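User: Hi! I'm new to protein structures and would like to learn how to read one, feature by feature. Could you walk me through this one?

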Amino acid sequence: PSFASERLLSGDAQIVVEIPKATIFFSDICNFTMLSNSLGPTELLQWIGYIFRTMDNCADFYGVYKIKTIGDAYLAITGLPICVSTGRGEEASSENHALKMVSFASVVVQLFSGTYIHPDTGECLKAMAEKSVLLRRGSAAARGKHHGSSSRGSAEMSSTRSENAKKFACAMRFGIALGPVIAGVLQGKCPAFDIWGKTVNLASRMESSGRPGNVQVSEGVYQ
């Protein structure tokens, strides 16, 4: 994230920040081991890659920051600091990060709550992709041009691929928790930004104890 990269560029050797309140998202694919055993290596990579790319597009649209994927699990956060301060503290985002995360989860659960056809189907996904491109371009003129060309292309591609596509059951569990988080950059051979704390563990428990096709939230998120 920007606050960590700015501190790296400024020469900080150790980057760690305590975030008083952030919203954590955790998801995984039910029966993934069984599904992976029924697919070939190429099919598996394409399948799970498509799922994660779709979630990445949704995350970008709603301002959700993806931390990492762990096997078939997806970990993300909202409420990260938005700028660097000269002292120990960081200025946190004033936006309703819980609402942003719930909005993100509500779209993802619609996309991956049952059986879907791989890879390019779904009006919801097409609309999300188009809106993401438009936001990046930030131009009203680009809106009409892009919509006219991509809609036809997406529809034709979707129709062609759907004829030969296989249906895979993609029931996913989702968990969201809100609370304090420790974030920082792990130094070493492959430096990586990560998060720790009881809120991360709670989001994981919300996911693992939830029902497939549903988003289970903690009390803090509900309030």
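This is a predicted model: local features need pLDDT of at least 70, side-chain atom pairs count only at pLDDT 80 or more; totals for chains, interfaces and linings use all residues.

Analyst: Happy to! Helices and strands are DSSP runs, numbered from the N terminus.

User: Thanks! Is S36 buried or exposed?

Analyst: A residue counts as buried when its relative accessible area is under 20%. S36 has a relative accessibility of 17%, so S36 is buried.

User: And what does the side chain of S36 reach?

Analyst: It reaches the backbone oxygen of T33, at 2.8 Å.

User: Now a strand, please. Where does D194 lie?

Analyst: D194 is in strand 9, made of residues 192-196. Its relative accessible area is 10%, so D194 counts as buried too.

User: With which side chain does the side chain of D194 make a polar contact?

Analyst: For a polar contact, we look for a pair of N or O atoms within 3.5 Å. Here the side chain of D194 pairs with the side chain of K68 at 2.9 Å. If we set aside neighbours within four places in sequence, D194 is in contact with I67, K68, I182, A183 and G184.

User: What can you tell me about G179 in the same way?

Analyst: G179 belongs to strand 8, residues 172-186. With a relative accessibility of 6%, G179 is buried. Leaving out neighbours within four places in sequence, the contacts of G179 are I19, P20, K21, A22 and T199.

User: How far apart are G179 and S218 in sequence and in space?

Analyst: These are two separate ways of reading distance. Along the sequence, G179 and S218 are 39 residues apart, while in space their C-alpha atoms are 9.7 Å apart.

User: Let's finish with helices. At what angle do helix 3 and helix 4 pack?

Analyst: Helix 3 covers residues 41-62 and helix 4 covers residues 97-111; they pack at about 150°, with axes 10 Å apart. Angles over 145 degrees count as roughly antiparallel, and therefore helix 3 and helix 4 are roughly antiparallel to each other. The crossing of helix 3 past helix 4 is right-handed.

User: Which residues make the contact?

Analyst: Helix 3 brings T54, M55, C58, A59 and Y62, and helix 4 brings K100, S103, F104, V107, V108 and L111. Sorted by class, the contact between helix 3 and helix 4 has eight nonpolar, two polar and one charged residues.

Key:
Residues are numbered from 1 along each chain as its sequence is written. Side-chain values use heavy atoms; hydrogens and water are left out. Axes are lines fitted to C-alpha atoms, for helices over the stretch in contact, and angles run from 0 to 180 degrees between N-to-C directions. Helices (H or I, at least four residues) and strands (E, at least two) are DSSP runs, numbered from the N terminus. Angles under 35 degrees count as roughly parallel, over 145 as roughly antiparallel, 65 to 115 as roughly perpendicular and the rest as oblique. A crossing is left-handed if the near helix is turned anticlockwise from the far one by less than a right angle, and right-handed if clockwise. Contact means heavy atoms within 4.5 Å. Ala, Val, Leu, Ile, Met, Phe, Trp, Tyr, Cys and Pro count as nonpolar, Asp, Glu, Lys and Arg as charged, and the others, Gly among them, as polar. Buried means under 20% relative accessible area, exposed over 50%, partly exposed in between (1.4 Å probe, protein chains only). A polar contact is a pair of N or O atoms within 3.5 Å; within protein, one must be able to donate a hydrogen and the other to accept it, and residues adjacent in sequence count only if both atoms are side-chain atoms.
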